[in-house]
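Trainee: Could we look at this protein together, one question at a time?
Mentor: Gladly. Have the picture open beside you as we go.

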Amino acid sequence: MKGVILRGFRNFVEDRAGPSAWSEIVQRTSLDEDFFVVAHSYPDTVAFALVEQAAGVLELEPDQILRSFGRHWMHGTGPRSYPQVFELARRDPVGFLWRLDQLHDAATRNLDGARPPVVRVFEDDGGDLTVEYASTKRLPHLAWGLLEGLGEISAGRLTVEAPEPVPGRPQCWSFRLHVHSKEPSWI
Ligand code: HEM
């Protein structure tokens, strides 16, 4: 998993429960270092171990942690790391979603070992969206929090329903997104 995600996870834990909670999680995970280089890729096992230990320290279920972290990333680490991309996300969240696959590709193109999810978007007749998330990492609750965060940073222009597994595709989940305002804002 790319360092920008793991560094974001540290920011999330520290904002929620303070630096001592993060130290406790790192100690329990037996990591040699707790500083993540944004452009570096780390084994997924590190990310999964951090979430598991965070669940114990923060007394939350791993899925709750992933969902809260996703929302937090969209408000903090994400926009700090990719300011231009987030300008689009705030102004035109629907246009942003149509480009998300391309953005993931660009954000990970030169990184050995990074494998972003595949995100496909379908629009229905009424203008609402179905977003399909497919990943070998199987993190639908993280995707859920990220999508919720997108709704929040764009002033509620969209809201998201809980993920549903896609039948016959074990690494794929779909989300219904209600679009409340399709027009991009220009300010
Ligand atoms: C609502 C918006 C977004 C959603 C739903 C989303 C979804 C996800 C998920 C669920 C993951 C975890 C890996 C996986 O499940 O395979 C991930 C990883 C990642 N995302 Fe996003 N993402 C969003 C926005 C962004 C943005 C704006 C960027 C930056 C331009 C970005 C860059 C990355 C990177 C670099 C990774 C790490 C990939 C890796 O290390 O293999 N994402 N994304």
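Trainee: Let's start with Glu 59. Is Glu 59 buried or exposed?
Mentor: Keep in mind that we are looking at a predicted model. Glu 59 sits in the loop that links helix 3 to helix 4. Glu 59 has 9 C-beta neighbours inside 10 Å, so Glu 59 counts as exposed.

Trainee: What is the phi of Glu 59 near?
Mentor: Most residues other than glycine have a negative phi. Glu 59 is a residue other than glycine, yet its phi is positive, near 55 degrees.

Trainee: Where does Arg 138 lie, and is it exposed, partly exposed or buried?
Mentor: Arg 138 also has a positive phi, about 55 degrees, although it is not a glycine. Its place is the loop between strand 2 and helix 9. With 14 other C-beta atoms within 10 Å, Arg 138 is therefore partly exposed.

Trainee: Which residues does Asp 44 touch, leaving out those up to four places away in sequence?
Mentor: Asp 44 belongs to helix 3, residues 44-58. It has 14 C-beta neighbours inside 10 Å and so counts as partly exposed. Not counting residues up to four places away in sequence, its contacts are Met 1 and Lys 137.

Trainee: How many residues of helix 9 are buried?
Mentor: Helix 9 covers residues 140-153. Among its buried residues are His 141, Trp 144 and Leu 147. The buried residues pack against several elements, including helix 4, helix 6 and strand 5. Helix 9 is mostly covered, and of its 14 residues the number buried is eleven.

Trainee: How far apart are the end C-alpha atoms of helix 9?
Mentor: Let's work out what to expect. At 1.5 Å a residue, the 14 residues of helix 9 should span 20 Å. The model agrees with this, because the end C-alpha atoms are 20 Å apart.

Trainee: Is Leu 177 buried or exposed?
Mentor: Leu 177 is part of strand 5. Leaving out residues up to four places away in sequence, it touches several residues, including Val 131, Leu 147 and Val 160. A residue needs 20 or more other C-beta atoms within 10 Å to be buried. Leu 177 has 21 of them, so it is buried.

Trainee: How do helix 1 and helix 4 lie relative to each other?
Mentor: Their axes are 9 Å apart, and the helices pack at an angle of about 105 degrees. Angles of 65 to 115 degrees count as roughly perpendicular. Helix 1 and helix 4 are therefore roughly perpendicular.

Trainee: How many residues of that contact are nonpolar, polar and charged?
Mentor: Helix 1 brings Gly 8, Phe 9, Phe 12 and Asp 15, while helix 4 brings Phe 69, His 72 and Trp 73. Sorted by type, the contact of helix 1 with helix 4 has four nonpolar, two polar and one charged.

Trainee: And for the protein as a whole, what is the radius of gyration?
Mentor: The protein has nine helices and five strands. Its C-alpha atoms fill a box of roughly 50 × 40 × 35 Å along the principal axes. A compact globule of 187 residues would have a radius of gyration near 16 Å, and the protein agrees because its own value is 16 Å.

How values were computed. Residues numbered from 1 in each chain as written. Predicted model: local features only at pLDDT ≥ 70, side-chain atom pairs only at ≥ 80, totals over all residues. Helix = DSSP H or I, 4+ residues; strand = E, 2+ residues; numbered from the N terminus. Expected span 1.5 Å × (residues − 1). Buried ≥ 20, exposed ≤ 12 C-beta atoms within 10 Å, placed from the backbone. Contact = placed C-beta atoms within 7 Å. Axes fitted to C-alpha atoms, helices over the stretch in contact; angles between N-to-C directions. Parallel < 35°, antiparallel > 145°, perpendicular 65-115°, else oblique. Nonpolar A, V, L, I, M, F, W, Y, C, P; charged D, E, K, R; others polar. Rg over C-alpha atoms; globule rule 2.2 N^0.38 Å.
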